[in-house]
Amino acid sequence: MTDDFQRDDGKAGTLATAAYERLRQDIVGGRLIPGEKLRVDALRDRYEIGGSPLREALARLSAEGLVSQQEQKGFRVSAISADDLIELTRTRCWVNEIALRDAIAHGDVAWEEGIVLAFHRLKRTPLRLPNDPTVNPDWNRLHRAFHVALVAACRSRWMLGFHNTLFDCAERYRNVVAVLSHENRDAVGEHTAIMEATIERKTEVAIPLLNAHFERTTSLLLKLLSDRADPSKTPA
């Protein structure tokens, strides 16, 4: 079956969405590493999806910043850098302040219950599995669900879409360098404090807690990036 036939048969949109989701998961999860070339032929074999849906998915990921495209050179997984991480974190803090403030002002009981449930599921899930240095995929999924739940009552779908894109870009940094560090931090305590301040409608407490949560992660990642860039800090 050709890509054109798939398009005419009305399946192209579904296939492009499937390609997008699988590519995004592999990029955010660190299975496709920063700078890796994304050859359509290789991706066709990997995902068993046609070239046209894959190119649509790559273009969408490029618009979101997870993939870079160079004329005549094709697509690559976007590189990571300290400068990009700092800008990303600053932008996340701005966007999350707006989204969380609006969510707290307009959220109902169902919104509160959604946050508590998302927190409970995250709390019960280990960050890492035995003998595996990478982040547990279930923890990643539930971590994202918790942060999405916090701002779910925000009335702007554009703001929520931007929030999700920024979260995925930031999560990629965490997963890419996770193998280099078993950070000693009280993630459960941080999430508990954010959850409680949010459902208690303590806006001026919840926002600084959420920003500090992002900035703490960023500080750790910046140190790891610096250590990787300095050979003298790399263990022999």
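A crossing of two helices is left-handed if the near helix is turned anticlockwise from the far one by less than a right angle. In this predicted model, helix α7 passes helix α9 in such a left-handed crossing. The model also holds an open sheet of 3 strands, with helix α4 lying across β1, β2 and β3.

**Helix pair α7 and α9**

- Two packed helices are described by the angle between their axes and the distance between the axes.
- Helix α7 covers residues 137-150, and helix α9 covers residues 187-199.
- Their axes come within 11 Å and cross at roughly 25°.
- Angles under 35 degrees count as roughly parallel, so α7 and α9 are roughly parallel to each other.
- On the α7 side, the contact is made by W139, H143, F146, H147 and L150.
- On the α9 side, H191, I194, M195 and T198 take part.
- By class, this contact has 5 nonpolar and 4 polar residues.

**N140 in helix α7**

- N140 has its place in helix α7.
- Its relative accessible area is 13%. Buried means under 20%, so N140 is buried.
- Leaving aside neighbours within four places in sequence, N140 is in contact with V135, E171 and N175.

**The sheet**

- Strands of a sheet pair through backbone hydrogen bonds, either parallel or antiparallel.
- Here the strand order is β1-β3-β2, and the pairing is antiparallel.
- The edge strands are β1 (37-38) and β2 (67-70). Each of these edge strands pairs on one side only.
- Strand β3 spans residues 74-77 and pairs with β1 over 2 bridges, in the antiparallel sense.
- L38 has F75 in β3 as its bridge partner.
- Strands β2 and β3 run antiparallel and are joined by 4 bridges.
- V67 has V77 in β3 as its bridge partner.

**The β2-β3 hairpin**

- The hairpin of β2 and β3 has 3 residues between the strands.
- In this hairpin, Q72 takes a positive phi near 70°.

**Helix α4 over the sheet**

- Helix α4 is made of residues 51-64.
- Helix α4 lies across β1, β2 and β3.
- Relative to β2, helix α4 runs at about 105°.

How values were computed. Residues numbered from 1 in each chain as written. Predicted model: local features only at pLDDT ≥ 70, side-chain atom pairs only at ≥ 80, totals over all residues. Heavy atoms only, no water. Axes fitted to C-alpha atoms, helices over the stretch in contact; angles between N-to-C directions. Parallel < 35°, antiparallel > 145°, perpendicular 65-115°, else oblique. Contact = heavy atoms within 4.5 Å. Nonpolar A, V, L, I, M, F, W, Y, C, P; charged D, E, K, R; others polar. Pairing = 2+ DSSP bridges. Buried < 20%, exposed > 50% of the residue type's maximum accessible area, 1.4 Å probe, protein only.
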